[in-house]
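Work through the exercises below with the structure open. Each task is followed by its solution.

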Amino acid sequence: MIVPGFTLCFLLYEDQALMLHRRFPPNQGLWNGVGGHVEPGETPRQAVIREVFEETGYRIERPQFAGYLTWDGFEIEPGAIAIFTAEVESPDFITNHEGELAWKPKDWACSSPDVVDNIHVFLPEILAGKPPQHFHFSYLDGVRVQDQILELPADFDLEKPYYPEVELLEEQRGDFMLSTDKSRLQINVIHDFIANQSYWAKGQTLDVTERSIQHSVCFGIYKLGQQVGFARLVTDEATFAWLSDVFVLEAERGQGLGKWLVDAVCRYLDQRGVNRTLLATQDAQSFYETYGRFEILDVEGKWMRRKKPGSGW
Ligand SMILES: CC(C)(COP(=O)(O)OP(=O)(O)OC[C@H]1O[C@@H](n2cnc3c(N)ncnc32)[C@H](O)[C@@H]1OP(=O)(O)O)[C@@H](O)C(=O)NCCC(=O)NCCS
């Protein structure tokens, strides 16, 4: 199923279109419609309503889906935009930090050399009232080299929530690598720390360590291939996560690896729009507050836990 990750909207008033003179890349210095990213968990239709309000102050209720735009070889990674139009009833908009907004004649928007040049291809089709089509643009060295006008893909869906495709995380910093690839984990190192050195799960059996890893998202840090750090996230990838078993081996502490781990975990959660993440810590509150924006829970009476008799946390 295809759910576009960006929106673009042309607000229309009489014979004019509201255009934004872009202050930032991509397409910096050119005029375009308004719009932006679809947030994880939002549908493209919800996103365009939010973006239009944030950028112009207009509360559009029924944006009209007008086309689907994709590209390759451009200044940003290949991606997909859902294009919308919406008629508005007054010409009054708010100022916008992303650039200058102005009403421009529709003919100007379709043909001016000052607009993003692929608009010349799709906006005339859209304003002529054609059913939504798929516009694909190929670029080479910053120049548009091929335009294709295709049928909409069959599995295109504007009413489904968007979730970015997230690949395995692999990052290198000098001799260290951070990875979410479970095949790299060194269970003996992880289990030795948890069972023998941690204060939260001393004496845990190898079977429990293995099963916990099997059903979690795991972050490992490796120094020249040797595991030196670990964090485990128990999550449904949508509403909730529990962060656990965070450690950096003693010999490698104090060089930013813990901070890197927590930052990677938080980026992972944010990419999926996870609402709520919990953790328990004996003495590292300020570490998680500073590097993960965690806050101490003071809601006695609301949160409950169920624990196995005799277990520590
Ligand atoms: C907590 C831990 C993962 C931090 O790893 P680390 O690689 O040493 O951390 P960093 O080098 O990235 O340190 C980042 C900052 O956090 C601070 N910090 C480290 N451990 C801390 C702790 N327990 N409490 C408060 N702050 C801490 C560091 O002083 C540093 O501060 P700075 O940026 O002002 O210099 C590591 O100390 C560890 O494994 N501890 C034992 C296991 C543990 O307690 N895990 C947490 C269970 S909830």
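The model is predicted, so local features need pLDDT of at least 70 and side-chain atom pairs count only at pLDDT 80 or more, while totals for chains, interfaces and linings use all residues. Residues are numbered from 1 along each chain as its sequence is written.

**Exercise 1.** Find which residues come nearest to the ligand and which elements give two or more residues to its shell.

Solution. Step two: strand E14 (240–248), helix H6 (257–271) and helix H7 (285–292) each give two or more residues; helices (H or I, at least four residues) and strands (E, at least two) are DSSP runs, numbered from the N terminus.

**Exercise 2.** Describe how H6 and H7 pack.

Solution. Step one: the angle is about 55°, and the axes are 9 Å apart. Axes are lines fitted to C-alpha atoms over the stretch in contact, and angles run from 0 to 180 degrees between N-to-C directions. Step two: H6 is therefore oblique to H7, as angles under 35 degrees count as roughly parallel, over 145 as roughly antiparallel, 65 to 115 as roughly perpendicular and the rest as oblique. Step three: Gly258, Lys259, Val262, Asp263 and Cys266 in H6 meet Phe287, Tyr288, Tyr291 and Gly292 in H7, contact being C-beta atoms, placed from the backbone, within 7 Å.

**Exercise 3.** At what angle do H4 and H5 pack?

Solution. Helix H4 (residues 187–197) and helix H5 (residues 206–214) pack at about 115°, with axes 10 Å apart. Ile187, Ile190, His191, Ile194 and Ala195 of H4 make the contact with Leu206, Thr209 and Glu210 of H5.

How values were computed. Two residues are in contact if their C-beta atoms, placed from the backbone, lie within 7 Å.
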